[in-house]
Protein chains: 2
Amino acid sequence: MIAQLPDPPYYAVIFSSQRADADKDYNATAERMVELAAQQPGYLGIESARGADGFGITVSYWSSLQAIDAWKNQAEHLVAQRRGKETWYREFALRIARVERSSTRSAQATGGIT
Amino acid sequence: MIAQLPDPPYYAVIFSSQRADADKDYNATAERMVELAAQQPGYLGIESARGADGFGITVSYWSSLQAIDAWKNQAEHLVAQRRGKETWYREFALRIARVERSSTRSAQATGGIT
């Protein structure tokens, strides 16, 4: 579930959210958005975690700011964003960042972290 | 649990990890590191989520790359990093990014997202 990404620079969209109690259709739409994001130009990868308290962080990775803007304005995604604001999230923050350094360590290959 | 941050630019450390099964001392150390990070110069805030599958994302926010380097090399944090690599995490990725845009929406105040 660690995304395999190219070397920096690339861009990250950090989406932090507190879920509301209402749950209707949320999971299916969230899965569909992950599937749809992966089909967009410039998509590099995604990581997501949500705790039992309903607080979650999803980070998607993109090759450029243009790719992020295009995904933001994708038609089906716009519908999901509206439902998220109206129904699914009590609060959220969206932060767009340029990744400048990265390091990873997997169970298979050590090294990479210095 | 959404961090209240100044306007960009600032920096984000995105730490994604898959927990190993061994759990000993993990929670106490994780809580201590959150407490200790908040005392460091340049610390702005932190957000964290981990699912039942053991995959988690913690994003800490900092005023500068210098502040991030200083925190990376803080003595007690170095000890925790070593135990994380050896014991607590099956794999992890660390990505350092410059936040260029942000927007938030809270339950109290709508707006901010355009």
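# A guided reading of a two-chain model

Guide: Before S1 of chain B comes the segment that holds Pro9(B). A strand here is a DSSP run of E of at least two residues and a helix a run of H or I of at least four, both numbered from the N terminus. The model is predicted: local features need pLDDT of at least 70 and side-chain atom pairs pLDDT 80 or more, whereas totals for chains, interfaces and linings use all residues. Residues are numbered from 1 along each chain as its sequence is written, chains are lettered from A and ligands numbered from 1 in the order in which they are written, and side-chain values use heavy atoms, with hydrogens and water left out.

Visitor: What is the form of the peptide bond from Pro8(B) to Pro9(B), cis or trans?

Guide: That bond is cis, with omega near 5 degrees. In chain A, the bond from Pro8(A) to Pro9(A) is also cis, again with omega near 5 degrees, and Pro9(A) lies in the segment before strand S1 (10-19) of chain A.

Visitor: What makes up the secondary structure of chain A?

Guide: Chain A has 3 helices and 4 strands. Their order along the sequence is β-α-β-β-α-α-β. Along the principal axes, the C-alpha atoms of chain A fill a box of roughly 45 × 35 × 20 Å.

Visitor: Why are S1(B) and S4(B) called paired strands?

Guide: Two strands pair if DSSP finds at least two bridges between them. Phe15(B), which is found in strand S1 of chain B, stands opposite Leu94(B) in S4(B).

Visitor: Which residues does Phe15(B) touch?

Guide: Leaving aside residues up to four places away in sequence, Phe15(B) touches Gly56(B), Ile57(B), Thr58(B), Tyr89(B), Phe92(B), Ala93(B) and Leu94(B). Touching, or contact, means heavy atoms within 4.5 Å.

Visitor: What joins strand S4 of chain A to S4(B)?

Guide: Strand S4 (residues 89-105) of chain A and S4(B) run antiparallel and are joined by 13 bridges. Leu94(A) has Ser103(B) as its bridge partner, and Arg105(A) stands opposite Phe92(B).

Visitor: How much area do chain B and chain A bury between them?

Guide: About 4,000 Å², of which 56% is on carbon and sulfur atoms. On the chain B side, Arg95(B), Arg101(B) and Arg105(B) lose the most area to chain A, together 18% of what that side buries. Buried area is the accessible area (1.4 Å probe) that two parts lose on being put together, summed over both. The contact takes 46 residues from each of chain B and chain A.

Visitor: Why is the pair Arg101(B) and Asp69(A) called a salt bridge?

Guide: The term requires a side-chain nitrogen of Lys or Arg within 4 Å of a carboxyl oxygen of Asp or Glu. The closest N and O atoms of Arg101(B) and Asp69(A) are 3.4 Å apart, so the pair qualifies. Arg101(B) lies in strand S4 of chain B and Asp69(A) in helix H2 (residues 65-72) of chain A, so the pair joins two chains. Arg101(A) and Asp69(B) likewise form a salt bridge (3.4 Å, N to O). Between chain B and chain A the count is 4 salt bridges, and over all chains it is 12.

Visitor: What rotation superposes chain B on chain A?

Guide: A rotation of 180 degrees does, with 0.0 Å of shift along its axis and an RMSD of 0.0 Å. This is the relation of a two-fold axis. The same surface serves both copies, as 100% of the contact residues of chain B recur in chain A. The superposition is by least squares on the C-alpha atoms of residues with pLDDT of at least 70 in both copies.
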